[in-house]
Amino acid sequence: ETEWGGDAYAIMKRIKQAVDPDGILNPGVIINDDAKAYVKNLKDLPAVEEEVDRCIECGYCEHKCPSRNLTTTPRRRIVVRRALANLKSIGNVKQHKLLLDQYQYDVLETCAVDGLCAPACPVDINTGDLVKRLRRESHSSFANGVALWVAKKFSVIERTARLAIQVGAGINRVFGKNTMTRLTHSAKKLFPAIPLWTKEMTGAPDLQSLIVNRQNQHRSNQSTIVYFPSCISRMMGTYPGKEKNLMETFFSVCEKAKVQVIVSEKFSGTCCGQIFSSKGYTHAYRFTANKIVKHLWEVSKEGLYPIVIDVSSCAFTLRLLRPALETENLKKFDGLKVLDSVEFLHDFILPLTEVVKKKKNIALHPVCSLQKMKTENIFIKVAGHFAEQVMVPKHTGCCGMAGDRGFLFPELTDSATAKESEEVKQNEYQGYYSSTKTCEMAMSKAVGKNYESILYLVDEALI
């Protein structure tokens with residue numbers, strides 16, 4: 001009334017009474033006869049964490065969150081943290097323990113830590129950073145020690161994982177394609193940490209192409225790149241119905257464009273560190289970060305050649321390594337140029353090749369990392385160069401895979417991809433493409449079509 005005047009306020013009250021005679025719509029917020037309403041029933045916003053204390057719970061982040069229809073959103077995660085603080089302050093031990101038990105799944109385990117909430121937030125809060133810290137603080141010294149051992153013995157872990165995938169694929173071939181899915185579902189009831197098998201896992205790829213191309217003599221520094229095959233590609237880089245695995249496809253594209261490729265002799269056991277960073281294993285992450293920077297500095301001839309990695313999320317992780325690096329590796333890191341497959345195709349392949357055969361229409365899934373690297377438009381441009389029509393779903397967003405979340409909590413990816421998959425299913429496309437293997441697996445499951453790396457689109461369009 002002070003703002004609008006008595007006459008206008010009286011008109012508002014009459015309209016409110018006509019529209020809402022029982023006073024059930026937003027009661028007392030705009031129309032309130034209590035002159036002191038603005039200093040009553042104030043919401044308590046206790047300080048809980050520096051990452052999120054600026055939050056006013058506006059909810060602008062919610063439409064970006066992959067778990068929004070399953071458990072919680074960034075806003076709700078912060079509300080839960082504040083509720084825990086309030087319960088602790090008043091000494092309500094029983095309710096505090098109950099909420100703390102429930103929040104493990106709803107707040108921590110089903111957060112994809114994709115960080116897409118930050119661009120949507122008016123004050124740039126990344127709730128994923130909070131969740132990473134909470135995960136980090138929940139680890140025991142024993143768990144951190146095991147993670148560091150895994151990081152140091154990653155080549156052994158990689159070989160073991162490849163063997164397990166090969167054995168699982170073999171079991172499916174012998175006993176039926178759903179056998180491993182049933183077995184891992186049963187095992188997970190006893191051991192919740194066991195990842196679930198999905199039908200999109202078709203076996204570990206042959207690594208012979210890496211060895212053969214490494215042995216090829218390098219002739220000049222013109223149009224030369226260093227290829228860093230991600231550990232995801234080395235373990236799961238095969239696609240249903242494709243003769244070539246992802247690494248073979250990458251080499252094929254480079255050969256057709258006459259781009260020379262350097263492959264490290266020590267590719268086995270290398271990793272960008274994303275698996276340790278997202279889970280909050282600080283020591284393992286720092287070890288891996290410093291190890292990979294040293295490795296890439298050496299293989300790139302001290303930054304002379306750009307480094308191309310075939311998974312967008314890994315490329316994004318590599319660009320964020322600086323805070324985890326030792327002093328001796330900071331200068332090396334600053335001298336490296338890291339490209340993902342999308343940027344590589346745009347910068348190296350498009351200028352050097354002519355399209356022979358375009359697909360009529362294709363569907364794309366731009367992964368979170370492309371959005372955070374601000375290269376989503378480049379992805380669409382590359383796709384548009386090799387296809388006549390390109391469809392990017394209106395409801396595209398984080399698929400919830402988040403590295404391994406989809407293997408541990410498949411309900412997260414099911415929920416996160418529901419809107420996008422419903423949109424994609426409205427039409428048939430000649431191809432379905434993305435730029436991160438695990439996200440491609442999540443979208444394949446959701447849509448019922450084989451999502452592939454964008455490298456396959458380019459390879460099949462060139463001669």
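By class, the second largest pocket is lined by eight nonpolar, three polar and four charged residues. Here Ala, Val, Leu, Ile, Met, Phe, Trp, Tyr, Cys and Pro count as nonpolar, Asp, Glu, Lys and Arg as charged, and the others, Gly among them, as polar. About 400 Å³ of space lies in this second largest pocket. Its lining has 15 residues, and the closest to the centre are E1, T2, Y9, I30 and N32.

A quick word on what you're looking at: this is a predicted model, where local features need pLDDT of at least 70, side-chain atom pairs count only at pLDDT 80 or more, and totals for chains, interfaces and linings use all residues. Residues are numbered from 1 along each chain as its sequence is written, and side-chain values use heavy atoms, with hydrogens and water left out.

How do you look for empty space? Rolling a probe the size of a water molecule over the atoms shows where empty space is left. On a 1 Å grid over the protein atoms alone, a cavity is a set of points where a 1.4 Å probe fits but cannot get out, while a pocket is an open set with protein on both sides within 12 Å along at least five of seven lines; lining residues have an atom within 4 Å of a point. Grid points are joined across faces, edges and corners, and a volume is the space filled by probe spheres set on the points.

A search of the whole structure turns up six cavities of 30 Å³ or more. The largest cavity has a volume of about 90 Å³. Its lining counts 17 residues, and C65, P74, C111, D114 and C117 are the closest to its centre. (Helices are DSSP runs of H or I with at least four residues, strands are E runs of at least two, and both are numbered from the N terminus.) By class, the lining of the largest cavity has nine nonpolar, five polar and three charged residues.

Next comes the second largest cavity, with a volume of about 70 Å³. It is lined by T198, E200, M401, G406, F407, T413, M441, A442 and K445. Here α19 and α22 (437–447) give two or more residues to the lining, and α22 gives the most, with three.

Now for α8, residues 179–190. At 1.5 Å a residue (times one less than the number of residues), its 12 residues should span 16 Å, and the end C-alpha atoms are 18 Å apart, which agrees. Which residues of α8 are buried? They are T179, M180, T184 and K188, where buried means under 20% relative accessible area, exposed over 50% and partly exposed in between (1.4 Å probe, protein chains only). The buried residues of α8 pack against α7 (154–175) and α19 (405–408), with contact meaning heavy atoms within 4.5 Å.

Helix α16 (residues 341–349) has seven of its nine residues buried, so it is largely enclosed by the rest of the structure. V342 is one of those buried residues, and V342 is also touched by F379. F379 lies in helix α18 (residues 376–386) and is buried, with a relative accessible area of 0%.

Conventions: Lists of a residue's contacts leave out its neighbours within four places in sequence.
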